[in-house]
Amino acid sequence: YSGTSDIVDDFDCAYMLNTVSQQSDLTQKVVEFSNIKRRGNVAQTAAYSYTLDADIPYNELLLSVQEINPDQLTSVKQATEVQTDAQIIESIAGCLRDGIDSKMKLAEAAAERAGCSKRSALKVVDKYTGNDPAIHQWGFTVRARGAKVFMLLAPPSGSTDEPPPVVT
């Protein structure tokens with residue numbers, strides 16, 4: 001008995017289609033094809049974008065399809081993850097600014113502020129921990145008895161997060 005898997009069994013190659021959410025550009029949709037069955041030399045993944053304009057004819061919709069290169073797809077996925085985690089990231093940053101800096105207390109307080117589970121908050125703490133301000137939001141130092149004390153990272157130089165100082 002195969003169930004629904006017999007459909008894939010009948011083919012030599014199969015891809016799963018996933019939407020890559022891109023909130024910043026509401027006029028385009030990005031999708032990714034991920035290979036789930038492979039026989040031969042085929043791409044593991046492929047990504048494409050197309051317009052969401054409902055007022056264009058079907059042939060123009062087809063002509064709007066463009067391939068996305070892997071580097072561009074990676075940046076779109078990272079931006080999507082940051083947008084998805086934005087509320088929890090802001091809650092964690094607020095906790096750090098308020099002096100809550102040990103991992104478990106940070107996760108508890110951030111989960112309460114963001115209205116999510118402690119597990120979700122812990123995942124976000126771990127996901128954005130590091131020393132590279134271009135990728136990470138906070139870092140930590142190890143103190144007495146191996147306690148990890150977290151602190152916010154400075155934004156990368158050239159970042160537009162804060163307005164430039166006014167010179168008079």
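**Helix 4 and helix 6**

At what angle do helix 4 and helix 6 pack, and how far apart are their axes? In this predicted model, the angle between helix 4 and helix 6 is about 80 degrees, and their axes lie 10 Å apart. Angles of 65 to 115 degrees count as roughly perpendicular, so helix 4 is roughly perpendicular to helix 6.

On the helix 4 side, the contact is formed by I88, I89 and I92, and helix 6 supplies S120, A121, V124 and V125. Sorted by class, the residues of this contact of helix 4 with helix 6 comprise six nonpolar, one polar and no charged.

**Helix 4 and helix 5**

Helix 4 spans residues 86–97 and helix 5 spans residues 103–114; their axes come within 8 Å and cross at roughly 125 degrees. The two helices, helix 4 and helix 5, are therefore oblique to each other. Their crossing is right-handed.

From helix 4, the residues Q87, I88, S91, I92, G94, C95 and L96 meet L106, A109, A110, R113 and A114 of helix 5. The contact of helix 4 with helix 5 contains eight nonpolar, three polar and one charged residues. I88 and I92 take part here, and both also belong to the contact of helix 4 with helix 6.

**Helix 5 and helix 6**

Helix 6 covers residues 118–127, and helix 5 packs with helix 6 at an angle of about 120 degrees, the axes being 8 Å apart. Helix 5 is therefore oblique to helix 6. Helix 5 crosses helix 6 in a right-handed sense.

The contact of helix 5 with helix 6 divides into eight nonpolar, no polar and four charged residues.

By class, the lining of the second largest pocket has six nonpolar, three polar and two charged residues.

Key: Residues numbered from 1 in each chain as written. Predicted model: local features only at pLDDT ≥ 70, side-chain atom pairs only at ≥ 80, totals over all residues. Heavy atoms only, no water. Axes fitted to C-alpha atoms, helices over the stretch in contact; angles between N-to-C directions. Helix = DSSP H or I, 4+ residues; strand = E, 2+ residues; numbered from the N terminus. Parallel < 35°, antiparallel > 145°, perpendicular 65-115°, else oblique. Left-handed = near helix turned anticlockwise from the far one by under 90°. Contact = heavy atoms within 4.5 Å. Nonpolar A, V, L, I, M, F, W, Y, C, P; charged D, E, K, R; others polar.
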